[in-house]
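This report goes through selected features of one protein model, taking strand pairing, the metal site and side-chain contacts in turn. The sequence and the structure come next.

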Amino acid sequence: MASFASSTRKIYCNKMFDHVKDETYFGKVKINEKTKKNLDIKLVTNVAASQLPVIVPPPDQQVIKKEKKLAAWTSVRQERWEGELVVEGELPLWLNGTYLRNGPGQWHVGNYNFRHLFDGYATLVRLHFENGRLIMGHRQVESEAYKAAKSSNKICYREFSEVPKPDNFLSYIGDLAKLLSGASLTDNANTGVVKLGDGRVVCLTETIKGSIVIDPHTLDTLGKFEYSDTLGGLIHSAHPIVTDSEFLTLIPDLIKPGYVVVRMEAGSNERKYIGRVNCRGGPAPGWVHSFPVTEHYIVVPEMPLRYCAQNLLKAEPTPLYKFEWHPNSKGFMHVMCKASGNIVASVEVPLYVTFHFINAYEEKDEDGRVTAVIADCCEHSADTTILDKLRLDNLRSYNGKDDVLPDARVGRFRIPLDGSPYGELEAALDPNEHGRGMDMCSINPVYLGKKYRYAYACGAKRPCNFPNTLTKIDLFDKKAKIWYDEGAVPSEPFFVARPGATEEDDGVVISMISDKNGEGYALILDGSTFEEIARAKFPYGLPYGLHGCWVPKK
Ligand SMILES: CC(=O)/C=C/C=C(C)/C=C/C1=C(C)CCCC1(C)C
Ligand SMILES: CC(/C=C/C=O)=C\C=C\C=O
Ligand SMILES: [Fe+2]
C-alpha cells in the first residue's frame, strides 16, 4: 500500500490523561519519555498504519499492556491520533468523503470520575475514505468546559449530571445566579455533529451555547457557533433536522411550558420563529432530545418525561437527572404546518419514552389527501429506567450474563389530522425481530420526511445490558437483519447512499465497534445485504460514540 505524503506533526498528551502518565502513544507503539529521548523519535503520522515504525523499548522500559476489557466505557487514552488504517476487505471506490462521529469520550477530571455516559467531554472521531483507503483520526473538542476542566483540574460547568462543587456558601448563591443566566451551563458539545447546508460543521449538545464549529479535516475547534438572532433560550433539541437548505430545531420554554419552533436558512446564523406549541399537560415541557418532520409538517413530541426546574438546581444527580416522570400529565403529539406555523393536530397518545425519532411521513387517502402523520421512534416501553442503565457503573460492571436491558421497540405513532383527540402508538414490527433492543438509528437521508422502508439501528442479542447488534429493519416486510460480534458494542449504524442510487438501501452502513478484547475497528456493511464488506482495526479501542454525519468529498 503506497503511503501518503508524509508530514511531521505533534501529537499532544496532557495531564488530564493521567492514565497515560508520562507515556505517549506514537502510532501503534506506546513509549515513555525516557525511551523517547534515547531514541530521538520524531512523530510522523499520515503513513500507512502497516508502515508505522515499530519501536521496541528496552525490556525494562516496555510498557505495552493490552487491556482485555471493552474500551467503550473507558476514557479515550490520548487527546488525538491520526493515521491510515489497514483495510480488510474492499471499500467501495465510490465511498469518498468523511464520516464524523461525536460522543462523550472522557469521563474524568484529575482523580474525579464522572457518573453518567452523557457527562463525558466530547471526542470526535473521523473516518476519511478516499479511493478505497481509510484514514482515521480522533481529537477532543476544545469547549470552554473541557479547557477549564483541563486547566483547573476540576469541573467548572454543569454537565448532564455533574455539577461543579461550590467552594463556600457565597459562591453557591453566585452559582444559582449563573445557572439562571445560563453562564454555568456546559458547552461540552458531546451529542452529535452536523454538516450545515453551507458546509460548516457543528458539534452539538442540548445547551444552545454548546454549538461548536469544527474543521472536518483537522478536527480543530474553530470557535462557537453564534446564533445572531434574539430568540434566546438556553437549551434546544440535541438533534436539529439539517438539510442542504435549512436547520430546524425546537427550543423548550420552561417558564411558560411549551416549545418554540425555529428555522435557520443555510448560510445564515439567524434562527427565525415558525410557531409555538403550548404544553397540554404537566408543569414543564417534555424532554425533546429529538423530533421528526414530514414534507410539510414539524412534529412536536410532548413526552411525559419532563424537564424539572428543581432538579436543575440540585447539586447531586436525582434518579432521572434533570427530568421527572409525570404519567398523570399524559403524553401528546403535536403537528405544526411548516409554512404557516399553525397547529394542525394535537392528540393524546399512550405514555412513551424516547430519545430518538427515526422518521415521519404523511399518510394519504386514494385522493391524495393527507389523513394522518406517521412518526416512528426508538421507544423504551414507557420505561425511564434506560437512563439509569446508562450510568457508567452499570455499563462497566456488566458480567456478560444478566439480561438487564429494558425492552425497546420501533414505536409507530399515527396522528390523525381529522380533529380526533387521540393518536395511536404501536410497535411497527414484532420487537423480538431485533431482540427487544432499539436505539441509535439512521435512515437514507433522501427519505427524510417521506414514506420509507428501511431503518438502521442498534438492537439486542440477549442476554445483554446495552444494545449489542446492528440491525436493518424492513418496515414493509416487518423483518430485521442482524450483525453481531459476541461481546462487542457497536455504535450507531450510519447509512451513506451510493451516489446515483435509486434503491433506498443502495449504499453502505458505517459503524465503529468496541470489541471484547479492548480493541476497536471501523466496520462497513453493505446496505442491501447487510453483510460485512470491509473492516479496519484502530490502533486502540475507542470510547462509545453517539451520533455522526457524512461530509462528501467536494
Ligand atoms: C449526550 C447526550 O445525549 C445528552 C446530553 C445532554 C446534556 C449535556 C444536557 C444538559 C442539560 C443541562 C446541562 C442543564 C439543562 C438541562 C439539560 C438540557 C438536561
Ligand atoms: C445510547 C442510548 C440508548 C441506548 C439504549 O438502548 C441513547 C443515547 C442517547 C443520546 O444520544
Ligand atoms: Fe441522540
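Ile-513 has Tyr-521 of strand 36 as its opposite residue. The model is a predicted one. Ile-513 and Tyr-521 face each other within the antiparallel pairing of strand 35 (residues 507–514) and strand 36, which are joined by seven bridges. The two strands make a hairpin that leaves five residues between them. In that turn, Gly-518 has a positive phi of about 90°.

On the strand 37 side, strand 36 again pairs in the antiparallel sense, here over five bridges. Leu-523 stands opposite Arg-535 of strand 37. This hairpin, too, has five residues between its strands, and Phe-530 takes a positive phi near 60°. Strand 36 (residues 520–526) is largely enclosed by the rest of the structure, because six of its seven residues are buried.

## The iron site

Which residues donate to the iron ion (ligand 3)? The protein donors are the NE2 atoms of His-239, His-289, His-356 and His-547, lying 2.1 Å from the ion. Along the chain these donors follow the spacing H-x49-H-x66-H-x190-H. His-239 and His-547 link distant parts of the chain, being 308 residues apart. His-239 lies in the loop between strand 15 (221–224) and strand 16 (241–242), whereas His-547 lies in the loop between strand 37 (532–537) and strand 38 (548–552). Both His-239 and His-547 are buried.

Strand 12 runs antiparallel to strand 13 (residues 201–204), and four bridges join the two. Among the residues involved, Val-194 has Val-202 of strand 13 as its bridge partner.

A further open sheet of four strands has the order 16-17-18-19, and its pairing is antiparallel. Strand 16 and strand 19 form the edges, each pairing on one side only. Strand 18 (residues 258–265) and strand 19 (residues 271–278) are antiparallel and are joined by seven bridges. Facing residues include Val-261 with Gly-275 of strand 19, and Val-262 with Tyr-273 of strand 19. The hairpin of strand 18 and strand 19 has five residues between the strands, and Gly-267 takes a positive phi near 95° there.

## Aromatic rings and charges

How many aromatic pairs does a search of the whole structure find? The search returns 22. Ring pairs link Phe-118, Phe-160, Trp-287, Tyr-307, Tyr-321, Phe-323 and Phe-355 into a cluster.

Charged side chains also lie over ring faces. Arg-271 is placed over the face of Tyr-227, at 4.5 Å from the ring centre. Lys-472 is placed over the face of Tyr-454, at 4.3 Å from the ring centre.

## His-128 in strand 10

Is His-128 buried or exposed? This residue of strand 10 (residues 121–130) has a relative accessible area of 16%. His-128 therefore counts as buried, since the cut-off for that class is under 20%. The side chains of His-128 and Thr-98 are joined by a polar contact of 2.9 Å.

Terms used. Residues numbered from 1 in each chain as written. Chains lettered and ligands numbered in written order. Predicted model: local features only at pLDDT ≥ 70, side-chain atom pairs only at ≥ 80, totals over all residues. Heavy atoms only, no water. Pairing = 2+ DSSP bridges. Phe/Tyr/Trp six-rings, centres within 6.5 Å; stacked < 30°, edge-to-face > 60°. Lys NZ or Arg CZ within 6 Å of the ring centre and 35° of its normal. Donors = N, O, S within 2.8 Å, 3.2 Å for Na, K, Ca; no water. Buried < 20%, exposed > 50% of the residue type's maximum accessible area, 1.4 Å probe, protein only. Polar contact = N/O pair within 3.5 Å; in protein donor to acceptor, adjacent residues only side chain to side chain.
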